[in-house]
Amino acid sequence: MIILELRSVDGSSLPAWTPGAHIEIELAPGMLRHYSLCGDPADRDTWRIAVLRESAGRGGSRLIHEDLRPGDVLPITALRNNFELADATRYLFIAGGIGITPILPMVRDVAHRGRPWTLVYGGRTRASMAFIGELRAMTGGDLHIVPEDEHGLLDLDGYLGTPSADTAVYCCGPGPLIDAVEQRCANWPAGALHVERFTPKAAAATCADGEFDVQLARSGTCLRVPADKSLLEVLEEAGFEIDNSCRAGICGTCELAVVDGIPEHNDDVLTDAERDSNELLLPCVSRSKSAVLVVDL
Ligand SMILES: Cc1cc2nc3c(=O)[nH]c(=O)nc-3n(C[C@H](O)[C@H](O)[C@H](O)COP(=O)(O)OP(=O)(O)OC[C@H]3O[C@@H](n4cnc5c(N)ncnc54)[C@H](O)[C@@H]3O)c2cc1C
Ligand code: FES
């Protein structure tokens, strides 16, 4: 894992952000990658990110680890927050490995506001776990550092076994950890659990069944989306250049406005309220519950 500090080229203040936010960096033409801001939102001069080397990936993290040099200029193409910190009486944070990055500013914020918090932070070994010293300095909470080689896996049943009406749960980490937390929170109050995935769910990479038609509101053109293609692929084949990155419903880059019809969402980005409004979709994974979907293109 390496830590990068980013500043604006002309020395001006950086845009304001809130805990849970991430930036989108264009590492090379067409190669968009996302990194959670893990510094202090009060610092408007520097953005801090931490990047894990992902040897099974498509080369983004390798490029950061091997090719970037101090002083290089990187286009930041977006600042988003799909993982906002909701107001709650108390907080339970669960982080696995590099998933500590969005959680760290959340814990700092909650500690600063004097709300009770618990952080359960797992990793392979103590030496591989970033920011332990910084976390220990945060007050008013209950910090559990759980290196797997010393203590085994996180005791999720212990932390999540009894639903709590006034606790917000935030989880970020490897897919299997998020899946396990989702499973244990199935009987918690609706909206209590908030997760952010850095890698797609295995199932998200495959298209849902069924074909449907998409109508483009601005031209009236109608396109058929067959069962074996995503809406994004069909729009690209029709000549639309739609910003995208993960192509798996976890980053929010490809978001489109819906004019009519009912999307079948399949993503991990939109909130329940956004899904229910039927006003947005992510064409890399979303399909349609209605025979025709009209999008703002
Ligand atoms: C909101 C958000 C915040 C993030 N924050 C951080 C952060 O703070 N630090 C950090 O190190 N990383 C973060 N990431 C991940 C980061 O954006 C990159 O994905 C990561 O650096 C790896 O890039 P890569 O090009 O090397 O690999 P990628 O090609 O992005 O692959 C990453 C992993 O996902 C798998 N994968 C890729 N595409 C698919 C697919 N379609 N279906 C199934 N599996 C797939 C790969 O096998 C690999 O294991 C974040 C991602 C998101 C969406
Ligand atoms: S490209 Fe990431 S959500 Fe669609």
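**View 1. Thr 46 and the residues around it in this predicted model.** Leave aside the neighbours within four places in sequence, and Thr 46 is in contact with Glu 5, Leu 6, Arg 7 and Leu 14. You'll find Thr 46 in the loop between β3 and β4, the latter spanning 47-51. Is Thr 46 buried or exposed? Its relative accessible area comes out at 11%, and buried means under 20%, so Thr 46 counts as buried.

**View 2. The antiparallel sheet β3-β2-β5.** Here we have an open sheet of three strands, in the order β3-β2-β5, with antiparallel pairing. Sitting at the edges are β3 (31-36) and β5 (76-80), each of which pairs on one side only. On average, neighbouring strands of this sheet are turned by 25 degrees against each other, if you ignore direction. Zoom in on β2 (residues 22-28) and β3: they run antiparallel, and six bridges join them. One pair to look for is Ala 28 with its bridge partner in β3, Met 31.

**View 3. The parallel sheet β8-β7-β6-β9-β10.** Five strands make up this open sheet, and the pairing is parallel. At its edges are β8 and β10, which each pair on one side only. Ignoring direction, neighbouring strands here are turned by 10 degrees against each other on average. As for the helices, α6 packs on the sheet and touches β6, β9 and β10. The direction of α6 makes about 165 degrees with that of β10. Helix α2 (residues 100-113) lies across β6, β7 (117-123), β9 and β10. Relative to β6, helix α2 runs at about 155 degrees.

**View 4. Strand β9 and its two partners.** On one side of the story is β6 (residues 90-96), which pairs with β9 in the parallel sense over six bridges. Look for Tyr 91 here, standing opposite Ala 168 in β9. The other partner is β10 (residues 193-197), and this pairing with β9 is also in the parallel sense, over five bridges. Which residues of β10 are the bridge partners of Val 169 and Tyr 170? Val 169 has Leu 193, and Tyr 170 has His 194. Getting from β9 to β10 involves helix α6 (residues 175-184), and together β9, α6 and β10 make a right-handed β-α-β unit.

**View 5. The side chains of β9, face by face.** Strand β9 covers residues 167-173, and seven of its seven residues are buried. In a regular strand, side chains alternate between the two faces of the sheet. Thr 167, Val 169, Cys 171 and Gly 173 point one way from β9. Ala 168, Tyr 170 and Cys 172 point the other way. Pick either set and you'll be looking at buried residues.

View 6. What does the side chain of Ser 164 make a polar contact with? The answer is the side chain of Asp 166, at 2.9 Å. Not counting residues up to four places away in sequence, Ser 164 also touches Trp 188 and Pro 189. With a relative accessible area of 18%, under the 20% limit for buried, Ser 164 is therefore classed as buried.

**View 7. Gly 140, out in a loop.** Gly 140 lies in the loop between α3 (132-136) and β8 (141-147). Why is Gly 140 called exposed? Because its relative accessible area is 66%, and exposed means over 50%. Gly 140 still has contacts: leaving out residues up to four places away in sequence, it touches Arg 115, Pro 116 and Trp 117. Now find Gly 114, which is 26 residues from Gly 140 along the chain. The C-alpha atoms of Gly 140 and Gly 114 are separated by 6.7 Å.

How values were computed. Residues are numbered from 1 along each chain as its sequence is written. Chains are lettered from A and ligands numbered from 1 in the order in which they are written. This is a predicted model: local features need pLDDT of at least 70, side-chain atom pairs count only at pLDDT 80 or more; totals for chains, interfaces and linings use all residues. Side-chain values use heavy atoms; hydrogens and water are left out. Buried means under 20% relative accessible area, exposed over 50%, partly exposed in between (1.4 Å probe, protein chains only). Helices (H or I, at least four residues) and strands (E, at least two) are DSSP runs, numbered from the N terminus. Two strands pair if DSSP finds at least two bridges between them. A crossover is right-handed if, with the strands pointing away from the viewer, the path from the first strand over the helix to the second runs clockwise. Axes are lines fitted to C-alpha atoms, for helices over the stretch in contact, and angles run from 0 to 180 degrees between N-to-C directions. A polar contact is a pair of N or O atoms within 3.5 Å; within protein, one must be able to donate a hydrogen and the other to accept it, and residues adjacent in sequence count only if both atoms are side-chain atoms. Contact means heavy atoms within 4.5 Å.
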